[in-house]
Amino acid sequence: MSSVDLKALLEQMTLEEKIGQMIQLSAIFFDSADGELTGPAQEWDLDEHGLSMIGSCIGGLNAKHKREIQDRHLATDRNKIPLIFMRDIIHGYRTIYPIPLAMAGSFDPSLMEECAHMAAREASHEGTHLTFAPMVDFVRDARWGRVAESCGEDALLASKMGEAQVKGFQKDDISSPESLATCVKHFAAYGGAEAGRDYNTVEISERLLRSRYLPAYKACIDAGTTMVMPSFNNLNGLPSVGNKFLMKKILRDEWGFEGVVISDWEAIYELCVHGVARDLSEAGEMALDCSCDIEMVSRAYYDTLADLVRSKRVSEDIVDRSVMRILELKKRLGLFEDPYHGSIENSDVLLCPEHKEIAERAALESAVLLRNNGILPLNKNIKRLAVVGPFANSQAIKGTWAAMGENKDCISVLDGLKALLPHTEIKWALGCEASIDDPSKDKIAQAVEICENADAVILCVGEPQGYSGEAQSRVDISLPGVQDELIDAVTSVNSNTVALVFNGRPLTLVNLEKKAAAILEMWHPGTQGGLAAAKLILGMANPCGKLPMTFPKHVGQCPIYYDRTRTGRPKKNSDDKHEICVSDYLDCGDLPLFFFGEGLSYSNFVYESMVLDKNEITKDDTLKVSVTIRNDSDTNGKEVVQLYLCDLVASAVRPVQELIAFEKISLAAGERKTLDFFIREDMLRFYDSECRYISEPGDFTLSVGYADHMRFTQKFTLI
Ligand code: NOJ
């Protein structure tokens, strides 16, 4: 650790220099630092001296570029305080692994950790010091495009996956040139946007906030995340960056977070747009009062903070506290010793074979086999294969927020299959585009022609990678364009049609589900996606992902999720269309198309027993739950064993079921394993109607399986 004396450093800084540390600008500002003002620096009237005081930079191209910026900065900053380079490294840097939503479906936190570490190694070699990840917004509405970046609809799963990312990126030493510091986001409840429209209002009870939305952020903080980013949305009347309840009461006071808080892009300025601040000066004051240390790219601090301090509206002590947090972060990053953080020009880790292997494994483990009439795995001796659809020969499968990942680095399904089936006659046709703007059907006939004469069809449909992600909300979450017509045409001439779906959010796939012989959910799988798909199709790998988010039948069911709270009028029989006055839809039913936790395998896993070591526990006991599973097949495989809790009677309405533990296990052909889960009183706690976090004596059930496919259910009592 550096020996720099931060207190002495702070004491020698002018007010302007301190404020400079609290401002983050994009790399383009620094590019114009050649004595002459250009571009945005000119707009801000930031001369070389002004620029020399800035504390951090978002973006930057590669190691060389960032070194140049850092060198110029250090040559001009009289205090010699290095810049921090930050960037969104979300699911890979150059080697791209599946989108976070897909990764959540792997139900494998150790794999998530490995992937995050690989991304950290690549990005850090390229001169980035901190990533704006993990994103652990709790999500229940598939219309919201940012579900792709999230860890799905379950708070426990998101907590485990968030924690794994913090560990993988940081590796307990953010000064290492193999690590990145992390920033958990978007605090809080950004995923609760009304009607799934990005940046929209979030109005939820404190009880729901604490029960579902907050746990994953907290888990990341407990795992040692370095930074927190407040969300854009207004939460119960105040945008997060100016929301004292969130930023002070919960984050700083209750959770004791002492790290740096950074605003989201222009979010401080947006306090004015939201209409809760009259001008930038009020906005800056509000954000600082909520202990926001760094302002990302808007200019409230830059334009107004010095005057606020001089006029005593803001105390300099508050500024000092923020600056100290920032300097401490720089010290922890080791930047005072090595301002380049060990970056390497043209590092050979980018897209190296080891990283591609990890990305491929991640794509294999996160794919979800949703339907299979037995057609999969395909026989490798297949003679004639048709590969059709907009994602058949597409390399545009890396997904949203792919940092420096490039489509050209991704393997398409067609290329994956060709590489593995050298003796098969493979024909391909586009069939149609996957775009809402392209309704043309003229290419469908060509696809049909090759499908007619094939032994099997691989039909690759989905949603373009630009359709999910920030600001990509949709009201229609069906397959865009005329893909359903392609499905109809292809399946009517060839019943051996295996569908692969490439997407960043749950889609409504009712038609596909009726017609395809098998459905393999591939998500946006990243660099190795097409090869992973081919291996899964041919049984060279066995699918083992489970859905991290419910797939509705119809968009009108959104938000739809597995842990719904009980209603007084539930449907008794989900197939009965004539039950009256029950919580249902006349024209759709209340069930989704695919459930959270669902996913098939080529193995046949038999759940043989579930044994509780006692029927009653006290607050100090631990209940052991032993689940025995056998792989009753000739195929080695992996199963995600999911344990759900139901609190039968409580002082507040509880969910029909809640995931309380899970584990992914490998089972060789014929192998039997017993898995032990341990239940303690603290796992039975909930927020009661007055928002107290308590457990209550009474009866509970534990079930193993998923949704309405529970294999065993057993009761126990907390006394
Ligand atoms: C806006 C996004 O909301 C956030 O997730 C991201 O980290 C920042 N921009 C910086 O790119």
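**View A. Ala188 is found in the loop between β5 and α10 (206-213).** This is a predicted model, where local features need pLDDT of at least 70, side-chain atom pairs count only at pLDDT 80 or more, and totals for chains, interfaces and linings take in all residues. Residues are numbered from 1 along each chain as its sequence is written, and side-chain values use heavy atoms, leaving out hydrogens and water. Helices (H or I, at least four residues) and strands (E, at least two) are DSSP runs, numbered from the N terminus. His186 has its place in strand β5 itself.

**View B. Strand β5 (residues 181-187) is wrapped up by the rest of the structure.** Seven of its seven residues are buried, so the strand is largely enclosed; buried means under 20% relative accessible area, exposed over 50%, and partly exposed in between (1.4 Å probe, protein chains only). Strand β4 (residues 130-131) runs parallel to β5, joined by two bridges, and Leu130 has Ala181 as its bridge partner in β5. Strand β6 (residues 227-230) also runs parallel to β5, with four bridges between them. Here Lys185 stands opposite Met229 in β6. Follow the chain from β4 through helix α9 (residues 155-170) to β5 and you get a right-handed β-α-β unit. Right-handed here means that, with the strands pointing away from the viewer, the path from the first strand over the helix to the second runs clockwise.

**View C. Eight strands make an open, parallel sheet.** Read across, the order is β9-β6-β5-β4-β3-β2-β1-β10, and two strands count as paired if DSSP finds at least two bridges between them. The edges belong to β9 (260-261) and β10 (295-296); each has a single partner strand, so one side of each has no neighbour in the sheet. Elsewhere in the sheet, β2 (residues 56-58) and β3 (residues 84-87) run parallel and share three bridges. One to pick out is Cys57, whose bridge partner in β3 is Phe85.

**View D. Phe29 and Trp44 meet edge-to-face.** They are one of 18 aromatic pairs that turn up in a search of the whole structure. Rings of Phe, Tyr and Trp (its six-membered ring) pair if their centres lie within 6.5 Å; planes under 30 degrees apart count as stacked, over 60 as edge-to-face and the rest as tilted. For Phe29 and Trp44 the centres are 5.3 Å apart and the planes sit at 85 degrees, so the pair is edge-to-face. Phe29 belongs to helix α3 (residues 27-31) and Trp44 to helix α4 (residues 39-44), so the pair ties together parts 15 residues apart in sequence. Both Phe29 and Trp44 are buried.

**View E. Two charged side chains sit over aromatic rings: Arg140 over Tyr561 and Lys185 over Trp401.** A charge sits over a ring if NZ of Lys or CZ of Arg is within 6 Å of the ring centre and within 35 degrees of the ring normal. The charged end of Arg140 is 3.6 Å from the centre of the Tyr561 ring. For Lys185 and the Trp401 ring, that distance is 5.6 Å. Trp401 lies in the loop between β12 (384-388) and α18 (413-420) and counts as partly exposed, at 27% relative accessibility. The backbone of Trp401 is worth a look too: phi is near 45 degrees, a positive value in a residue other than glycine.

**View F. Asn346 is another non-glycine residue with positive phi, near 50 degrees.** Asn346 lies in the loop between α16 (316-332) and α17 (353-366). With a relative accessible area of 72%, Asn346 is exposed.

**View G. No disulfides here: the structure holds zero of them.** A disulfide is counted as a pair of cysteine sulfur atoms within 2.5 Å. The sulfur of Cys272 has its closest cysteine sulfur in Cys292, 14 Å off and too far for a bond. Cys691 is in no disulfide either, as the nearest cysteine sulfur, that of Cys290, is 20 Å away.
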